[in-house]
Amino acid sequence: MFSKSKINEPGPKQGGEAVSRSTSESSMNAPKTNTDAPSSASKAKPPASILSSDLTVKGNLKTTGDIQIEGNIEGDIRAHLLTVGEGATVKGEVMADDVVVNGRVVGRVRGLKVRLTSTARVEGDIIHKTIAIESGAHFEGSVARRDDPLNTNSGNGGAARQATSGASSQSTGSSAASSAASHSASPAASEG
């Protein structure tokens with residue numbers, strides 16, 4: 001016990017003095033380091049906002065960050081990355097740079113990258129730059145490729161007419177639609 005006390009007692013005093021000296025010395029340099037840290041910290045991406053399965057929201061959601069939906073939303077959603085969970089339902093327009101649908105969406109989906117997983121159920125039009133539809137996904141609606149799918153002002157009417165005429169066979173059945181949509185979307189996605 002005596003040796004432990006000696007080790008613990010003198011150590012912190014000497015270490016504390018050394019620390020206080022290095023702290024005061026480093027405090028002169030600290031603003032440079034701390035100046036860099038907040039700028040990199042401000043660039044750090046915050047975690048996704050998660051709306052749990054027991055949550056129902058009636059209204060629009062808008063963020064520049066990421067949202068993960070596990071509950072029910074009745075309203076439009078705007079986000080950077082939107083993930084619709086397997087048990088989630090969204091009734092409204094969805095717009096995000098990246099959209100991943102594992103659950104149900106009733107309404108238009110707009111995204112630079114849209115992914116429908118095997119558990120996805122989408123009833124509505126999809127306007128995308130690139131799309132991926134896994135086998136087993138159910139989709140009823142039209143698919144339209146746009147260079148800027150997030151722009152709602154230009155070419156919207158033309159896009160709907162073109163997509164409807166080009167995708168009429170895709171909107172007839174849910175399983176057949178996802179199969180047809182994935183075949184027609186794959187060459188467009190690979191062409192760029």
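# Exercises on a predicted model: sheet and salt bridges

Glu134 has a relative accessible area of 31%, so Glu134 is partly exposed. This value, like those below, comes from a predicted model.

**Exercise 1.** Find the salt-bridge partner of Glu134 and state where the two residues lie.

*Solution.* Step 1: the side chain of Glu134 forms a salt bridge with that of Arg115, at 3.0 Å from N to O. Step 2: Glu134 belongs to the loop between strand E12 (126–133) and E13, while Arg115 sits in strand E10 (residues 109–116), so the pair ties together parts 19 residues apart in sequence. Step 3: Arg115 has 38% relative accessibility and is therefore partly exposed.

**Exercise 2.** Determine the strand order of the open sheet and identify its edge strands.

*Solution.* Step 1: the six strands run in the order E2-E5-E7-E9-E11-E13, with parallel pairing. Step 2: strand E2 (56–58) and strand E13 (138–140) each have a single partner strand, so one side of each has no neighbour in the sheet and these two stand at the edges. Step 3: from one strand to the next, the twist averages 5 degrees. Step 4: for the pairing of E2 with strand E5 (residues 72–74), three bridges in the parallel sense are found. Within E5, Ile73 is the bridge partner of Val57.

**Exercise 3.** Locate the salt bridge between Glu123 and Arg104 and classify the exposure of both residues.

*Solution.* Step 1: the closest N and O atoms of Glu123 and Arg104 are 3.1 Å apart. Step 2: the pair links distant parts of the chain, with Glu123 in strand E11 (residues 121–123) and Arg104 in strand E9 (residues 104–106), 19 residues apart.

**Exercise 4.** Decide whether Glu93 is buried or exposed, and describe its surroundings.

*Solution.* Step 1: Glu93 is found in the loop between strand E7 (89–91) and strand E8 (94–101). Step 2: its relative accessible area is 17%, so Glu93 is buried. Step 3: leaving aside residues up to four places away in sequence, Glu93 touches Gly75, Asp76, Ile77, Arg78, Arg108 and Arg110. Step 4: a polar contact of 3.1 Å joins the side chains of Glu93 and Arg110. Step 5: a network of salt bridges links Arg78, Glu93 and Arg110.

Technical notes
Residues numbered from 1 in each chain as written. Predicted model: local features only at pLDDT ≥ 70, side-chain atom pairs only at ≥ 80, totals over all residues. Heavy atoms only, no water. Pairing = 2+ DSSP bridges. Helix = DSSP H or I, 4+ residues; strand = E, 2+ residues; numbered from the N terminus. Axes fitted to C-alpha atoms, helices over the stretch in contact; angles between N-to-C directions. Buried < 20%, exposed > 50% of the residue type's maximum accessible area, 1.4 Å probe, protein only. Polar contact = N/O pair within 3.5 Å; in protein donor to acceptor, adjacent residues only side chain to side chain. Contact = heavy atoms within 4.5 Å. Salt bridge = Lys/Arg side-chain N within 4 Å of Asp/Glu carboxyl O.
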